[in-house]
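Here is a short report on one chain. Have the sequence and the structure open as you read.

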Amino acid sequence: MAFLNNPHQAYADFLAENVIDSGSTQQDSQYPVESTELDHPIVNVLADTYFGEDYTRRRQRRGMEDSLQKYGYSYSFEKIKQFFADDHYNVFYFEAVFASGASPLDGIKPFVLDANAQKSLDEFKSCISTWRCLGITMPRIMVALH
């Protein structure tokens, strides 16, 4: 189940819950199915990808410097981007939401990781041209964020 261009993770949770509760087994024409044929069936999966903006803010409040502050967004992929070739199918599980500010999950979840959408997406695009970004909203359901 994929929700493309999702405005907020909580909204994808809401949509997924409605689909599950409806008992529907048909594909909704509002949400087209995307498929990919691979010439070289190499699939790379990178889990728990997050540049750490939330953690950086916490460290800044304590007067600490971290790698995001010191080296920027490119530091996270600097040594591993060679493994994600353009002719591979590269999938990232992004650990945060592309949103900032208050979340409907504040107070419900112990913490909600947010990310600077533009800087994060720009970094993904600069080092890997063929990628998909996934996030998990509910057990066993993958939701595409881009």
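## The start of helix H4

Which backbone nitrogen does a side-chain oxygen of asparagine 116 reach at the start of H4? The backbone nitrogen of glutamine 118, to within 3.2 Å. This comes from a predicted model, as does every value below.

Helix H4 spans residues 117–127. Its buried residues are Ser120, Leu121, Glu123, Phe124 and Cys127. They cover an arc of only 155° around the axis, which puts them on the same side of H4. An α-helix has 3.6 residues a turn, so residues three or four places apart point the same way.

What does the other face carry? The face of H4 turned away from the buried side holds the exposed residues Gln118 and Ser126.

## Asparagine 44 in strand S1

Strand S1 covers residues 43–49, and asparagine 44 lies in it. Is asparagine 44 buried or exposed? Asparagine 44 is buried because its relative accessible area is 16%, and the cut-off for buried is under 20%.

The side chain of asparagine 44 has two polar partners listed here. A polar atom of that side chain lies 3.2 Å from the backbone oxygen of phenylalanine 83. A polar contact of 3.0 Å links the side chain of asparagine 44 to that of histidine 88.

Which residues does asparagine 44 contact, leaving aside neighbours within four places in sequence? They are Phe83, Phe84, His88, Tyr89, Asn90 and Val91.

## Threonine 56 in helix H2

Threonine 56 sits in helix H2, residues 53–61. With 7% relative accessibility, threonine 56 counts as buried. Not counting residues up to four places away in sequence, threonine 56 touches Asp66, Leu68 and Gln69.

## The whole chain

The chain has four helices and four strands. From the N terminus on, the order is α-β-α-α-β-α-β-β.

What share of the 146 residues counts as buried? The figure is 35%. The accessible surface comes to about 9,700 Å², and carbon and sulfur atoms account for 51% of that surface.

Contacts across the sequence can also be counted. Taking contacts between residues at least 6 apart in sequence, 68% join residues at least 24 apart.

Key:
Residues are numbered from 1 along each chain as its sequence is written. This is a predicted model: local features need pLDDT of at least 70, side-chain atom pairs count only at pLDDT 80 or more; totals for chains, interfaces and linings use all residues. Side-chain values use heavy atoms; hydrogens and water are left out. Buried means under 20% relative accessible area, exposed over 50%, partly exposed in between (1.4 Å probe, protein chains only). Helices (H or I, at least four residues) and strands (E, at least two) are DSSP runs, numbered from the N terminus. The arc is that of the directions from the helix axis to the C-beta atoms. A polar contact is a pair of N or O atoms within 3.5 Å; within protein, one must be able to donate a hydrogen and the other to accept it, and residues adjacent in sequence count only if both atoms are side-chain atoms. Contact means heavy atoms within 4.5 Å. Accessible areas come from the Shrake-Rupley method with a 1.4 Å probe; for residues, only the protein chains shown count as cover.
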